[in-house]
Amino acid sequence: MVRRFLLTTLLVVAAWTTNLGVSQEPVASPGRATVKRIAGLATDLHRNVLYVADQGSNSIFRVENGGGLKLLAGTGSNGFNGDGKNALETQFNHPLAISFDQRTGELFVADTRNYRIRSISPTDSKVRTVGGIGSSTPIHQIPYDSHTPAALAAGKFSGDGGSAIQAELNLPSGVCADPVGILFIADSGNHRVRAVNRGTSPVIVMGVEIGPGEIQTIAGNGILGFSGDGGKASLAQLAFPTELKVDASGNLLIVDSFNQRIRKIDRQSGLIHTLVKGAISEVPPDRALLQWATSAVGVGVTMTQDVIYTDRVDDSIHRLSRSGEDQVLYRTQPHAAEFASVEVGPDGQIYVVDVHWNRVVLVTGGTLESYIGGAPGPVLSFPGTKSVSGRRRE
């Protein structure tokens, strides 16, 4: 089954590459732009193009050659003005994550405070909802800061086994498109990971059958907590899952944020286990949620299937090799940076969001290089140390 998944991946990559000449990219406005608060990253592996979700301006940007930014989607104001509009006329509300579908060329957006997952079409540049029906609470009554009990309370849970666009999501903060038509959603406030079948035939994903166009929970029982390692992911407890990535075998990596862990679900068996533990893994998830305290916050997978992850408490960026060696690629002085979302490029580039400086950095040879964004002023770098540690792996 793993070989079949890899073969399918190669076929869809070849198909998308073949169609590059006739596919159209979403229209971007002319000129340069600036970001206000970078949240998520995604890469078109075929064209080596990086995309950026900016929660501060409620916009999505494309990084141009030379490091410039072009506005791809969003009006700059938060809200929801419906679907079917051109991307540049569409309002988003606190988008926290994005994922590029290497199969279709779509860009998926976790439109977090609109309680929806939306797609930007590569053919007509229009935005459509592909998951979530939104919240019944008026937007002006939801706190701007998603990290509040009131924002959590505005989201509900429903819809498993039915149409994805009729399901209720709660502050979805992560999204990941795999190469065979499955869209994974971090239904964060519901403490679940859900999957949408975007194909035309029923499929079994991690032990769960999903009909065409339907959504199903594949991880998390909806109860905040930590349990289930070694068992079925659908019976395990999660605590506000966020960033999601798929490896070459189709296994799903989850940033289980208030459990301070990165967990992995096996594609075939549906079993879940902890891959790495963050610096404050001993903190109970209910207390972590109350204080909004997280350590492991970003995850990515290299072409060689090493796992790159960040720890904001330990001020570090790690590489976990396939053999289990945990190497610190970069560590800063305390409070000199705040590493977050991770994305890996086609040539092994490691991009990391540095929330402290509102920038994306490129990790090369144990050093950091500012790639886009950055705080005002000339000082955009800081000293770090390269070291090796195996203490986090479980």
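Hi everyone, let me start with a loop: Gln305 lies between β19 and β20 (307–311). Helices here are DSSP runs of H or I with at least four residues, strands are runs of E with at least two, and both are numbered from the N terminus. Gln305 has a positive phi of about 70° although it is not a glycine. For context, most residues other than glycine have a negative phi. Gln305 is partly exposed because its relative accessibility is 22%; buried means under 20% relative accessible area, exposed over 50%, and partly exposed in between, with a 1.4 Å probe and protein chains only.

Before going on, some housekeeping. This is a predicted model, where local features need pLDDT of at least 70 and side-chain atom pairs count only at pLDDT 80 or more, while totals for chains, interfaces and linings use all residues. Residues are numbered from 1 along each chain as its sequence is written, and side-chain values use heavy atoms, with hydrogens and water left out.

His191 also has a positive phi, near 55°, and is not a glycine either. This histidine is in the loop between β10 and β11. Is His191 buried or exposed? His191 is buried, because its relative accessible area is 8%.

Now the overall picture. The protein chain has 3 helices and 27 strands. Of its 394 residues, 57% count as buried. Taking contacts, meaning heavy atoms within 4.5 Å, between residues at least 6 apart in sequence, 50% join residues at least 24 apart. The chain exposes about 15,300 Å², and carbon and sulfur atoms supply 53% of that; accessible areas come from the Shrake-Rupley method with a 1.4 Å probe, and for residues only the protein chains shown count as cover.

How about confidence? The average pLDDT, the predictor's confidence in each residue from 0 to 100, is 87 for the protein chain, and 86% of the residues score at least 70. Two stretches need care. Over residues 1–32 pLDDT stays under 50, and the model has 58 contacts beyond four places in sequence for them. Residues 376–393 also stay under 50, with 54 such contacts. Where pLDDT is low, the predicted coordinates should not be read in detail.

On to the inside. A nonpolar core is a set of buried Ala, Val, Leu, Ile, Met, Phe, Trp, Tyr and Cys residues joined through side-chain atoms within 4.5 Å. Which members of the largest core, with its 21 residues, touch the most other members? They are Phe184, Val193, Ile218, Ala219, Leu244, Leu252 and Ile265. At least two core residues come from each of β10 (182–187), β11 (192–197), β13 (208–210), β14, β15 and β16. The largest share, 3 residues, is from β10. Looking at Leu244 beyond its neighbours within four places in sequence, its contacts include Cys176, Phe184, Val193 and Leu252. There is also a second, separate core of 17 residues, with Leu71, Val297, Val355 and Leu362 among them.

Staying in β15 (residues 241–246), we find Thr242. Thr242 counts as buried because its relative accessibility is 16%. Setting aside neighbours within four places, Thr242 is in contact with Ser173, Gly174, Ala186, Ser188, Val255 and Ser257.

Next, the aromatics. Rings of Phe, Tyr and Trp (its six-membered ring) pair if their centres lie within 6.5 Å; planes under 30 degrees apart are stacked, over 60 edge-to-face, and the rest tilted. The whole structure has 6 aromatic pairs. In one of these, Phe240 and Phe258 have ring centres 5.5 Å apart and planes at 55°, so the pair is tilted. Phe240 is in the loop between β14 (215–219) and β15, and Phe258 in the loop between β16 (252–256) and β17 (261–265), so the pair ties together parts 18 residues apart in sequence. Phe240 also pairs with Trp292: the centres are 5.1 Å apart and the planes at 70°, so this pair is edge-to-face. Trp292 is in the loop between α3 (285–291) and β19 (296–301), 52 residues from Phe240. Phe240 and Trp292 are both buried, and Phe240, Phe258 and Trp292 form one aromatic cluster.

Last, charges over rings, where NZ of Lys or CZ of Arg is within 6 Å of the ring centre and within 35 degrees of the ring normal. The charged end of Arg261 sits over the ring of Phe226, 4.0 Å from its centre. Thanks, everyone!
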